[in-house]
Every structure is written in structure tokens, then in C-alpha cells.
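Me: Got a minute to go through the pockets and the ligand in this one with me?

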Amino acid sequence: MEQAELFVRYARLVDAAAIAAITAEYARQGIMLERSPDNIVENIRNFFVAEYNGEVIGCCAIAFYTQKLAEIRSLAVFNRYKMKGIGRLLVEKAEVVLREEGVKEVFVLTLSREFFSRIGYSEIRKEYFPQKIWKDCTHCPKLMACDEIAMVKTL
Ligand SMILES: CC(C)(COP(=O)(O)OP(=O)(O)OC[C@H]1O[C@@H](n2cnc3c(N)ncnc32)[C@H](O)[C@@H]1OP(=O)(O)O)[C@@H](O)C(=O)NCCC(=O)NCCS
């Protein structure tokens, strides 16, 4: 894609509806957890978006667990823009910010093993991350039948 028209930036409040639309598409398919517009607004400072020709076409968020450990979550690229390097750009931007904060290890809970493997993440047992399991997973409708894997990268 033409790089001059494509960039990743911090999300702004006006992007909340676009972020909700991108994640809702995959939540309907059971691929990721839905983020409500209210929840996105509350967490907007943790979101990044990919913008192409003025349109928000992808998003991801960071969540801090300790000073050394963070998660990348809510990563999604609109279907028609997949496989063009946008997911990679979003994760790279999040990783730059995490490194600047001194974070040493970043993890994801995901069904997208091939993508994350391609960009340097390795599979690890979910039990390695108790904070995540207890903070969010207890509210997840998939709790007893979780099909996501945990993957981690050292920054
Ligand atoms: C996962 C997702 C964000 C990837 O975004 P993307 O923009 O399509 O990925 P990229 O084009 O940046 O891919 C980067 C690399 O991973 C590879 N890759 C991406 N998706 C892949 C897949 N499904 N299978 C195999 N390889 C894949 C690409 O070929 C590319 O490889 P390269 O190093 O040879 O160039 C996107 O598929 C998506 O939105 N999926 C639905 C939501 C989701 O599962 N989110 C993850 C929740 S944590």
C-alpha cells in the first residue's frame, strides 16, 4: 500500500465508533471480545489506529499489568485491508510505546497464531499470566471453553 497515505497514530475520541465497528465485526464471528463504544471511550488513551486515506481501518490497544509486563489486545484490521502489513504496523507502534515505558515483556491472548508467530511472538502456557486470567477472564463468556492461546515477546 502507498505508505504516504497510511499511518498509525494514537486514537482520538472521535475514532471510538470506528474502533467499535472494527472489533464488532470479529466479535460476531467469535474471533475476539467485543469492546462497547463506552468501554473504548474510557480506554481511548490506550488505543492506536491505522488510518488510510482518512479512514480508520485498524486498531489495537495496550494494557499494562506491571511495570515490566503488558498486553496487546483488541488488534483488528478491516477484512478488506488484511494481509497488507497493517496488523504488523499496529503492533510495532504499540511495541515502541511499551519499550519507551520500560516494559520488558508483552503478551497476547489470540486465535491468530500464524500472524503473531510471524512477527516474533512465541506460544506460552496461559497460566504464566495469572494477572490476566483473574482480571478479565472471569468475565469472559468463553471462560470454561477458552480456545485462545497465549503468546509472548521479549521487548
Ligand atoms: C490478525 C490481524 C490483525 C493481522 O493483520 P494483517 O494486517 O492482516 O497482518 P499483516 O498483513 O501485518 O501480516 C504480517 C505477517 O503475518 C502474516 N499473516 C497475517 N495473517 C496471517 C494468517 N491468518 N495466516 C498466516 N499468516 C498470516 C502475513 O502474511 C505477514 O507475513 P510476512 O512477514 O511474510 O509479510 C488480522 O488478520 C485481523 O484483524 N484478524 C481478526 C481479528 C484478530 O484475530 N485479532 C487478533 C486478536 S489478538
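Me: Which elements each supply at least two residues of the lining of the largest pocket?

Reply: That would be β4, α3, β5, α4 and α5 (130–135). Helices (H or I, at least four residues) and strands (E, at least two) are DSSP runs, numbered from the N terminus. Bear in mind that this is a predicted model, where local features need pLDDT of at least 70 and side-chain atom pairs pLDDT 80 or more, while totals for chains, interfaces and linings use all residues. Residues are numbered from 1 along each chain as its sequence is written, and side-chain values use heavy atoms, with hydrogens and water left out.

Me: Which one gives the largest share of that lining?

Reply: β4, with seven residues. The lining of the largest pocket has 47 residues, and Ile-31, Met-32, Leu-75, Leu-109 and Thr-110 lie nearest its centre. A pocket here is an open set of points on a 1 Å grid over the protein atoms alone, where a 1.4 Å probe fits, with protein on both sides within 12 Å along at least five of seven lines; lining residues have an atom within 4 Å of a point.

Me: How much space lies in the largest pocket?

Reply: About 1,400 Å³, counted as the space filled by probe spheres set on the grid points, which are joined across faces, edges and corners.

Me: And where does the ligand sit?

Reply: In that largest pocket, meaning more than half of its atoms lie within 2 Å of the pocket's grid points.

Me: OK, contacts. Which polar side-chain atom lies 2.8 Å from a ligand oxygen?

Reply: One from Arg-118. On the backbone side, a polar atom of Leu-75 is 2.7 Å from a ligand nitrogen, and one of Ile-86 is 3.5 Å from a ligand oxygen. The cut-off for a polar contact is a pair of N or O atoms within 3.5 Å.

How values were computed. Polar contact = N/O pair within 3.5 Å; in protein donor to acceptor, adjacent residues only side chain to side chain.
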